Amino acid sequence: MKQRLTTVANALAVFVALLIVWQLVLWIFRVPRYMLPSPWAVATAFVRRFPSLLMSTAITAQESLGGLLASIIVGVLIALIFAQSRWVRKMLYPYTILLQTVPIIAITPLIINWVGPGSAAVTLIALIISLAPVVANTTQGLISVDENFVHLFLMHNASPAQRLFKLRLPHAVPSLFVGIRIASGLAVIGAITGELFAGSSQVGVGGLGYSIFYASSQMQTDYLFALVLAATVLGFGFFFIVMFLEWYFLHKWHESARVPETE
Amino acid sequence: MSPDSNVPQIEFESVTKSYGTGRLVLQSIDLKILKGEFVSVIGPSGCGKSTVLKLISGLTPPSAGTIRVDGMTPENARETISFIFQDATLLPWRTVIENVGLGLELERVATKRRNEKVASLLQLVGLGDVATAYPRELSGGMKMRASIARALATSPRLLLMDEPFAALDEMTRDRLNEEVLRLRAEQQWTAVFVTHSVAEAVFLSTRIIVLAPHPGRVHAVLPIDLPFPRTAELRELPEFEELVGHASHVLREALTQ
């Protein structure tokens, strides 16, 4: 407990130091406000425009979450197909790498072309960008079951369905969570990137990416900073929720999910 | 209890096993194990000890020759067989009680009967107090007890054990050896037991089969005529020491042959 307090205090100290350096840079180099606003100006923008900031964050959160959930469902289904045989994996695996390497900016115009701008397009982009880690990790979890476990199930004449639901799927859950943890960060990044281009089907209302683009074109640098701050908080939020779920489902039996004991 | 001298539980007729192209693991093995026997298989590494168990259980087919278990093919006999692996092979996401009930669950035994059976087995192997614990909370010896309970839950007629106690310390191993004999006296299954430990093989068995390596073949068969029930004191008797010495000697022969 005491250790945790020290950690928080350290983080706070670094934060305060950063603010001081920031303010000093402004004073010493006389940086114009549209280049770098003061911490105070950012805080003011944050409070004054809080409703629209919250609205943008909610939109982005919804798109990211939709993309992430879709990528978990689609990713697990693909992994189940991949787990069927080495032959299937060899044939299809290159395409998941393709998913990972295709520059999302480059396909955004295509996606807008197909589904129109707005939340649907952004959700789709978040899905595409977060799919590969779910597929790769879940597949690994499904196929890395120890041979003795398989033999054990065979000795009891277990059906293929029993082997899948009572052995392979539960065994893959820790790896699935590794995939989700990576995917959660990517989904938020994907949604914000997507919004830069496909952010809104309605002028003036959009997620964080859209608002960042808008604020930057209006030279509202203080609000821009507040938006970037909100985007960071959103990414953190996703990460912590996934960490919590991982702990909740795995801490009873899986070593990696245990909170290190501090005695 | 003495082996029923007429009824064969396992029969190997000139069984040969090779993996892939040419790697010969076992060469023309003839073997007859009778109902009620406790047979240990010992031999230097690379002699195909574990392969013998896999063949009996039908987890791998012979390359040549025939195998009969209870007069059936190994696959058809599976319902009467339980396998105990070297590591306890407990599913880490299941509690002890859920692990012990796994075999019955897979064979779709009704929940009520399953729970009764599992509860009585947990008492039998002394795990009643940790029924709801997860495997990672158990010691090596307790994990192995859970594994034994799971194997016995399906009321097997034949128990195959692949170096089940190899990873345990000597005291735990001795205790579990004594318990295995106690359980066998109660439940009357036939056992085939693979081990590295000559003393363990002598203590448990009615017969020891010594395999020679490269390729695996039967080098010698040693009857162990020590009376049952066998208790911890047996290990201190000169007859026991003598049999262990003799078996070790035969094992060395098998290696240098």
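A residue is counted as buried if 20 or more other C-beta atoms lie within 10 Å of its own, as exposed if 12 or fewer do, and as partly exposed in between. The model is predicted.

**Backbone exceptions in chain B**

B:S28 has 14 C-beta neighbours inside 10 Å and therefore counts as partly exposed. B:S28 lies in strand β2 (residues 23-34) of chain B, and its phi is near 30°, a positive value in a residue other than glycine. B:S14 is a second case: phi is near 35°, again positive and again not in a glycine. B:S14 belongs to strand β1 (residues 8-19) of chain B. With 13 other C-beta atoms within 10 Å, B:S14 is partly exposed.

Most residues other than glycine have a negative phi, and most peptide bonds are trans. Chain B also has cis peptide bonds, including the one from B:H214 to B:P215, with omega near -10°, and the one from B:F228 to B:P229, with omega near -5°. B:P215 lies in the loop between β8 and β9 of chain B, while B:P229 is placed in the loop between β9 and α9 of chain B.

| Site | Angle | Value |
|---|---|---|
| B:S14 | phi | near 35° |
| B:S28 | phi | near 30° |
| B:H214 to B:P215 | omega | near -10° |
| B:F228 to B:P229 | omega | near -5° |

**The sheet of chain B**

An open sheet of six strands in chain B has the order β5-β6-β7-β3-β8-β9, with mixed pairing. Its edge strands are β5 (81-84) and β9 (217-223) of chain B, each of which pairs on one side only. From one strand to the next the twist averages 15°.

Helix α9 (residues 238-256) of chain B lies across β3 (38-42), β8 (207-212) and β9 of chain B, and runs at about 20° to β8(B).

B:W189 sits in the loop between α7 (170-187) and β7 (190-194) of chain B. Is B:W189 buried or exposed? B:W189 has 21 C-beta neighbours inside 10 Å, so B:W189 counts as buried. Leaving aside residues up to four places away in sequence, B:W189 touches B:P156, B:R157, B:L158, B:L159 and B:R184.

**Chain A**

Chain A has ten helices and zero strands. Its C-alpha trace spans about 75 × 55 × 30 Å along the principal axes. Buried residues make up 35% of the 263 residues in chain A. Of the contacts in chain A with a separation of 6 or more, 74% are between residues 24 or more positions apart.

The domain assignment divides chain A into domain 1 (1-31) and domain 2 (41-257). The C-alpha centres of domain 1 of chain A and domain 2 of chain A are 32 Å apart. Helix α1 (residues 2-29) of chain A has 28 residues, which at 1.5 Å a residue should span 40 Å; the end C-alpha atoms are 41 Å apart, in agreement. The number of buried residues among the 28 of α1(A) is zero, so α1(A) lies largely in the open. Just after α1(A), A:R30 takes a positive phi of about 50°.

**Contact between the chains**

How many residues does each chain bring to the contact? Chain A gives 16 residues and chain B gives 15 residues. On the side of chain A that touches chain B, α7 (147-155) and α8 (160-198) of chain A each supply at least two residues. The largest share of that side, seven residues, comes from α7(A). By class, the side of chain A that touches chain B holds eight nonpolar, six polar and two charged residues.

How values were computed:
Residues are numbered from 1 along each chain as its sequence is written. Chains are lettered from A and ligands numbered from 1 in the order in which they are written. This is a predicted model: local features need pLDDT of at least 70, side-chain atom pairs count only at pLDDT 80 or more; totals for chains, interfaces and linings use all residues. Helices (H or I, at least four residues) and strands (E, at least two) are DSSP runs, numbered from the N terminus. The expected span of a helix is 1.5 Å times one less than its number of residues. Two residues are in contact if their C-beta atoms, placed from the backbone, lie within 7 Å. Ala, Val, Leu, Ile, Met, Phe, Trp, Tyr, Cys and Pro count as nonpolar, Asp, Glu, Lys and Arg as charged, and the others, Gly among them, as polar. Two strands pair if DSSP finds at least two bridges between them. Axes are lines fitted to C-alpha atoms, for helices over the stretch in contact, and angles run from 0 to 180 degrees between N-to-C directions. Domain bounds come from an automatic or database domain assignment.
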